[in-house]
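Please look at how the two chains meet before reading on.

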2 protein chains.
Amino acid sequence: MTDTDRRPMGANAEGTLPRSFREFAVAWRSPIEEALESILPTADREPTRLHAAMRHAMFPGGKRFRPLLGLAGAAATGGDLRRALRPAAALELVHTYSLVHDDLPCMDDDDLRRGRPTCHIAFDEATAVLAGDALLTLAFEVVAEAGAEAVVALARGAGAAGMVGGQVFDLAAENAGAALGLDGLERIHDGKTGALIIASLEVGRVAGGAGGSEVSGLLAEYGALIGRAFQVADDCLDVTGTAAELGKTPGADQAHGKSTYPALLGLERSLEIARDLAERAGAVAGRIVELGGGLDGAESLLQDLALSVVSRKS
Amino acid sequence: MTDTDRRPMGANAEGTLPRSFREFAVAWRSPIEEALESILPTADREPTRLHAAMRHAMFPGGKRFRPLLGLAGAAATGGDLRRALRPAAALELVHTYSLVHDDLPCMDDDDLRRGRPTCHIAFDEATAVLAGDALLTLAFEVVAEAGAEAVVALARGAGAAGMVGGQVFDLAAENAGAALGLDGLERIHDGKTGALIIASLEVGRVAGGAGGSEVSGLLAEYGALIGRAFQVADDCLDVTGTAAELGKTPGADQAHGKSTYPALLGLERSLEIARDLAERAGAVAGRIVELGGGLDGAESLLQDLALSVVSRKS
């Protein structure tokens, strides 16, 4: 392997990272898809129906935001992004399993996702439950390539104290039907979204193999801020976005009487909060890269990542 | 710590293991329950409903066979059983999650398990799906204490190529309604039962910290044999057992027209096969303990474990 081969992908000839998160995402899109393609069992292998259902849920995918966060976590701590690639890609399996289970009739009962039939519609409920189970299990197998520390970070973010817990709070709030306060809303989103975002950064740090655990606290702080920003922006998009941009009908939250940031605080104040969260995350970025020994350009990358979370159109 | 404190629990004063699996199981019952009690989040912590559902599924438990297999795997390879205890106990979380999901209306639709309401009856379907998800995730967190090698062994045994795959084959066979041949039956049970048994022995080996991976192939051979023996015996018990022994109505398999070993081969021949499988497993035990450097008495223990699988009454 020459030195050129070993420079992080998505870095320019001088070995620095692209400063825009968008360029970073473009550079890593294909490697992430290729990694996922190699991780998922082919659908011609038995049990074919299970493998087909797992692939139906995974491809074509969305933004692959969590794998990108994993790679950003590696970059921010001076890690090797190629080495972090497979464990980072596996984070998408965890996100996807959660969507497959959340879409089930006994939960959100959604027939469509990204304009395609959800897993239990394209297959059946039993297969969807099992495909989700298999995706989660496979994620741990791949993340274990980065070592036990990465497994623990993922399990904590994905489990009862994290993502699964957030979904439980969300279901309880819907069943209660009562208006949710800001605290209740944040508890749901910190669990459903924030915990896996934090875990993604941490898995990337461990998988990249460079940054020590002393930077974990700062990564968690950064992840919590962009997780919140992500959700506030999401709620605002439901108000301001067009159907073409969102790929779904806007205004659905309001129509369903759902508790959202704009409903609780108004649109203006919500947009302000989202921008403030992104700025605070950007300020943490500098401390992460300094303490973690990040790659050249990593601070700008993390800052732009935080801004892109709130400025996105879909 | 004195030498006395460090001797394996369930060993006598000379530090050798009990030769009967029954005594071994009795000696380790409380430590396993205590480990599970400490692993499961308490039900007074948020999200309380999720934690309560996880505990409902876990307690009171059954024989805790997979944790015992994990400990046997440690003993057979000269490992430290106390060190293996928590990861071994976590294997029961994986078994339990599979029962919770298999009991769902979209799968086996069972209302009762061990005489108590199943998780989705005692709570609701959404909570049961999520409690299963959280149990599986927690299992990986705890098994990671034994290192990444244990995580990989568990993921392979529990995932699409193992336990989840076996359940998919089982559902497909039920939906097809056609009579299953011996090959089809074995494919289901090797996946549903055998794969996690093999993984349990291997997790125990890694968690015990002594046996090298050169013995893994033999452990897998032993596990596959007792997995098969377990299932053949199970099918026979459905014919020969009493309701009092089984805690459920005997003859249910036949009433449901289910493919079983007795249905395919007759009861006499099935009992013969079960004994033969147990004997073959016993023969592998000696090679495991020799190559793995097992504790005193480990060969007899593994032999008796294999026999107890076919001589059990429930």
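H7(A) and H7(B) are roughly parallel to each other, a term that covers angles under 35 degrees, because their axes cross at roughly 15° and come within 11 Å. Axes here are lines fitted to C-alpha atoms, for helices over the stretch in contact, with angles running from 0 to 180 degrees between N-to-C directions; helices are DSSP runs (H or I, at least four residues) numbered from the N terminus. This is a predicted model, in which local features need pLDDT of at least 70 and side-chain atom pairs count only at pLDDT 80 or more, while totals for chains, interfaces and linings use all residues. Residues are numbered from 1 along each chain as its sequence is written, and chains are lettered from A and ligands numbered from 1 in the order in which they are written.

Where the helices meet, A:Val129, A:Asp133, A:Leu136, A:Thr137 and A:Phe140 in H7(A) face B:Val129, B:Asp133, B:Leu136, B:Thr137 and B:Phe140 in H7(B), two residues being in contact if their C-beta atoms, placed from the backbone, lie within 7 Å.

The contact between the chains takes 37 residues from chain A and 37 residues from chain B. On the side of chain B that touches chain A, helices H3 (48–58), H7 (125–143), H8 (148–158) and H9 (163–176) each supply at least two residues, and the largest share, 11 residues, comes from H7(B).

Technical notes. Parallel < 35°, antiparallel > 145°, perpendicular 65-115°, else oblique.
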